Structures are given as structure tokens and as C-alpha cells.
Amino acid sequence: MTTQQLIEQIKIKKSFLCVGLDVDLDKIPQHFLALEDPIFEFNKAIIDATHDLTVAYKPNTAFFEAYGIKGWISLQKTINYINENYPNIFTIADAKRGDIGNTSSMYAKAFFEDLNFDSITVAPYMGKDSVEPFLAFKDKHTIMLALTSNEGAFDFQTLDVDGKELYKRVLETSKTWKNSENLMYVVGATKAEYFTEIRKIVPDSFLLVPGVGAQGGSLSEVCKYGMNENVGLLINSSRGIIYASKEADFAEKARAEALKMQQEMAAILESK
């Protein structure tokens, strides 16, 4: 999917919501456990209930890999289901890969060619040659960790490096890499006060923003400081939507939570 196609979907749906698919078998309605593939069937129900309210889905690969080969098959079935039934939805493999160049090339082939995701999250710690292999794929997007929402983000990301925070140096350096136009960035919603500075460095890039809702981030604050003329934001919600209920009405409750966020987003877009 091209960036322009994603922007068009945001306009059509009046939404920049991303639903995270972080499936924990201990948290889903227990009747799914009797099915052959409970992870996929749960995902399918969530997707069918929310597809018109969201512009992106983000399976967190750890929640699939934890179940071995069965989990990987569930991931493949999930991405295939989205691509076949809702091809206009942007897909994110939340895999946080990042390794030496030839290994990154194989990761890129796995997620972009075999699984056919639109994008993947990567860690930039190993530098240019660990990220550029992902950037080489046409109409695929690499979502690089910039300033994350976890408590430990302050261990390294905000350290002063020659008078400038490390995350700013990472952002600036990434813009010099080959095919950097294919970059997006992860910026946590709990760091809303940093968005102004981040936008000075990457004014036009899309930002994937976790941390709204369960982690305490504010949608209005993120939009106030982080939105650009093309919106430029994908606001992720995982637990707050997919685990809205453990009862038989789980899909309806998930849709209701997604609708609340979509309506808030629509109001923000209208006000702009």
C-alpha cells in the first residue's frame, strides 16, 4: 500500500485508528479454546466487527510466536484474511526486528514477500545496514522505533549525546538512509510533550502511536502536537478494544470501543 492510499483511507473512514491484535489465549472468551485455531477465529471476529472503523491492523508477532508453529500458522491465516477480504486496510507486522544486513534481508522477505504485510516495526540500534534492507521494498514501509511508551525508554532514548537527545539523532540520521521515504516511526502516546520536537525533524512522516487508553496516553494531546496536514498518525489500541469483553458479546463490545475512538477522531478531523 502506498502512503497516498493510506491517506485516502483515513479521509474515507474519518479514522486513523490502528487495532493491535495481541492475542493471549488466557484473555479471550473461553469458547474459542474448543476450536481448531482459536487465535485466528478470535482475530477474524474482531476484524469483521471493526474493519469499517479502522485503517490498520497490527498483529504483534510475539503473541503468535509464543504458540510455536500453530501460532505462526494463525498469523499467516490472519494476514491472508485481511488481505483477501479488506485489502484497503494497512497491515503492520509488529515484529521489532533489527539485525545485521543479510539477516534483515531475510526478515524483510519473510514479512513483505511471504506474509505480504504492508509494513514492519524495526529497532535501529544496529544502524543503517540493519534497516536499509527493509527500505528496499517498493510500496512497503519500515516503522522504526524512535521514542517508545515504556518506562525504560528513558534508559537510552532521551540521553544527551553531544547536546542533543539520542532519539533526535536517530531520527536525523535515519533521514540520510537510502529509500528513507519509506520510513515511518514509533512514538509513544505517553510522550506527547515530545511530538513538537519530533515534528521539526520528520514533519511529513507517519507516526505509529501506541499508548493511548490502557497506558494513559491522551488522543487529543497526541493530535494537538503530532498531527500534520495529512494527519500523519496511526493511533494504536490493542487491549482496550480486543479485550473489551470476555463474554459472548466480545465482538460487539470491541466494535463499540473502536467506534468511540473513531468518532473522537472524526471530530478532531472535522475541527481541523
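**Entry 1: ground rules.** I am working from a predicted model, in which local features need pLDDT of at least 70 and side-chain atom pairs count only at pLDDT 80 or more, while totals for chains, interfaces and linings use all residues. Residues are numbered from 1 along each chain as its sequence is written, and side-chain values use heavy atoms, with hydrogens and water left out.

**Entry 2: the barrel.** I looked up the strands and found a closed barrel of eight, in the order S1-S2-S3-S4-S5-S8-S9-S10, with parallel pairing. From one strand to the next the twist averages 30 degrees. Strands (E, at least two residues) and helices (H or I, at least four residues) are DSSP runs, numbered from the N terminus. Two strands pair if DSSP finds at least two bridges between them. I noted the background too: strands of a sheet pair through backbone hydrogen bonds, either parallel or antiparallel.

Entry 3: I checked S9 (residues 207-209) against S10 (residues 233-237); they run parallel and three bridges join them. Leucine 208 stands opposite leucine 234 in S10.

**Entry 4: H2 on H12.** How do the axes of H2 and H12 cross? I found that helix H2 (residues 38-50) and helix H12 (residues 250-271) have axes that come within 9 Å and cross at roughly 45 degrees. Axes are lines fitted to C-alpha atoms, for helices over the stretch in contact, and angles run from 0 to 180 degrees between N-to-C directions. H2 is therefore oblique to H12. The cut-offs are under 35 degrees for roughly parallel, over 145 for roughly antiparallel, 65 to 115 for roughly perpendicular, and oblique for the rest. On the H2 side I listed Phe42, Ala45, Ile46, Ala49 and Thr50, which meet Phe250, Ala251, Ala254, Arg255 and Ala258 in H12. Contact means heavy atoms within 4.5 Å. The residues of this contact divide into eight nonpolar, one polar and one charged. Ala, Val, Leu, Ile, Met, Phe, Trp, Tyr, Cys and Pro count as nonpolar, Asp, Glu, Lys and Arg as charged, and the others, Gly among them, as polar.

**Entry 5: H2 on H4.** H2 also packs with helix H4 (residues 68-85), at an angle of about 25 degrees and with the axes 9 Å apart. H2 and H4 are therefore roughly parallel to each other. Their crossing is right-handed. The residues in contact include Ile39 and Phe40 of H2 and Tyr81 and Ile82 of H4. By class I have five nonpolar, three polar and three charged.

**Entry 6: salt bridges.** How many salt bridges are there? The count comes to 14, a salt bridge being a side-chain nitrogen of Lys or Arg within 4 Å of a carboxyl oxygen of Asp or Glu. I looked at one of them, where the side chains of lysine 200 and glutamate 197 meet at 3.0 Å, N to O. Lysine 200 and glutamate 197 are separated by about one helical turn, because they are three residues apart in helix H9 (residues 195-201).

Note on methods: Left-handed = near helix turned anticlockwise from the far one by under 90°.
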